[in-house]
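I opened the model to look up a few strands, a helix and a chain contact. My notes follow.

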Amino acid sequence: MQTIQEALRAYIAQNILFSPDGFTYTDNDSFLENGILDSTGVVEMVAFIEDHFKISVEDSEITPQNFDSISNLAAYIRSKLNHKH
Amino acid sequence: MNAADDFLLNAREDAIAFLAEEGQVTYAQFRGMCAHLCAELTARGICPGERVAIVAKNSSFWAAAYLAVLKLGAVAVPISNLYPPEEVQRVLSFAGCKFLFLDKPAQVKYAALCHEQPCFLLEKSLLQVQAAPWPSSVADFDLDSDAALMPTSGTTSRPRLVRVTHRNLQANTDSIIEYLQLTAAERIMVVLPFYYCYGASLLHTHLRVGGTLVISNTFTYPETVLDKMEQTECTGFAGVPSTYQILLRNSTFPRRALPHLKKLQQAGGKLHNALLQELAASRPNARIYVMYGQTEATARLSYLPPELLSHKLGSIGRGIPGVRLKVLDENGSPIQPGETGEIVAWGNNISPGYLNDEEASREKFRKGALYTGDLATVDEDGFIYIVDRKSDFIKSYGHRISSYEVESCLLQIPQVVSAAVVGLPDEQAGEQIAAFVVRKTGAALTEQDVLQHCRAHLARHMLPQTVIFLPALPLNAHGKVLKSELRKMKATA
């Protein structure tokens, strides 16, 4: 089964970076510093995460701590999923 | 007076000019950095009239480089740090730039350019420089000499640079300060880039009153910006429509107290009425200024006094102090209330024209007046309401349809975050109306729901034929919707 990290990398590569080479950054690279996400990109990410992982993202949770790298995002999603169960 | 001298006229040396990534910068430090960079430019052989580019994110260093160029009588060319290298190169060659200021990230991104062009790296060590003496003022300084060449957000194939003179800068800065009633107590959160005329106007006005600019270089995480506004007790905020859309519908802004926030500026396109009303409701203690302008007018042309926001909802107000605005029909006569014409402007803030583009200059600037290309109507009290951009009007079955009106209607739907309407070629209609809609995350809004809402609120000829849901609208670097991209998107779909 696809891991959370794999799903995020694939989504960003296909829908945000439009990259034929996949996600070429490391899981700890900052989206902001590398110009991967802008404000509309974040809104797209939120929609994807809510839909794909069936969780609800509060506006107040859209912070760099939760969102600004694959690792941060995966940790955030995992904690939301744990809360749900 | 040189605009750089004018901007620093009211600075109290120990007051804070900037709160930015590089820390807290006082006016004394800032003036020191400007003088140092001015001496640096002279040492590198830059003469008055020569063009110097700045490619960097917002910082006190950006502002110091800009003021140094102005003070020397050279011409600043601010360029977007979001441009790809070839685009920056095009602007540099088009403007004939002799020198380039850039910051670390830009140095990495534009490494190739740095080999070809003399350049200077804006970095933290500037804060420690021994300040050179402030250069003395030139007695017969020519106020009508170029101070800056500002890029416009046009999508034409070659760069378009607006000449802005020292007189233009000072006239517009004084008017804006007057109607916004800015004082040294202002502390504004700046999320707009300084290379954009709206961002530059925030820099000019707040320096001129000796206020503080709090700089946030990204709006990607609005919560971070809001936290910073709380911590630094910001009194002001300025945004374009997309900024306010995100704040109102995708952030905790409406629920935050922000007790110090007293002035909100909105310009850079129409914020639709439904969102303006939401903004007013969420900030009962703030004064909300709806404003209108163009790069060709330095920045600002009109504003709506905040106390009239609900009474004149949707209006861009009237001319700012020192600016005369008229709405003229095709024969050049003022229109009557209810009719539509083009907004034409006079004032000391109107640019002398575009750089190296006589044809476009002749069309836009005629006999000292600026023909804005914005179509508008007026009410009995002389308040102006923009109907559309000349080029965004949709012509369908012989009707002329304002895309703004259809967008306003779409934005009344609470589950809609943003919307843009364009005309697409249609054999029968001439143009058919296509609506591009961004839904709130998780909203189960269908095309039928949207059309049903439109049928209830719009005349038949204004109903969209197609509704396309997008995750986000394509925006340019200034946050404006790229309607040309939407037309292309539909054509290739």
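I call a residue buried if 20 or more other C-beta atoms lie within 10 Å of its own, exposed if 12 or fewer, and partly exposed in between, with C-beta atoms placed from the backbone. I take helices (H or I, at least four residues) and strands (E, at least two) as DSSP runs, numbered from the N terminus. This is a predicted model: local features need pLDDT of at least 70, side-chain atom pairs count only at pLDDT 80 or more, and totals for chains, interfaces and linings use all residues. Residues are numbered from 1 along each chain as its sequence is written, and chains are lettered from A and ligands numbered from 1 in the order in which they are written.

Helix α13 (residues 403-411) of chain B came up. Eight of its nine residues are buried, so the rest of the structure largely encloses α13(B). Among them I noted B:Y404, B:E407 and B:C409.

Next I checked strand β13 (residues 287-293) of chain B. Five of its seven residues are buried, so β13(B) is largely enclosed too. I then looked for its partners; two strands pair if DSSP finds at least two bridges between them. Strand β12 (residues 263-266) of chain B pairs with β13(B) in the parallel sense, over four bridges. B:K263 stands opposite B:R287. Strand β14 (residues 300-304) of chain B pairs with β13(B) in the antiparallel sense, over four bridges. There, B:G293 stands opposite B:R300. The hairpin of β13(B) and β14(B) has six residues between the strands, and B:T298 takes a positive phi near 70°.

Last, the chain contact (C-beta atoms, placed from the backbone, within 7 Å). It takes 15 residues from chain B and 17 residues from chain A.

Note on methods:
Contact = placed C-beta atoms within 7 Å.
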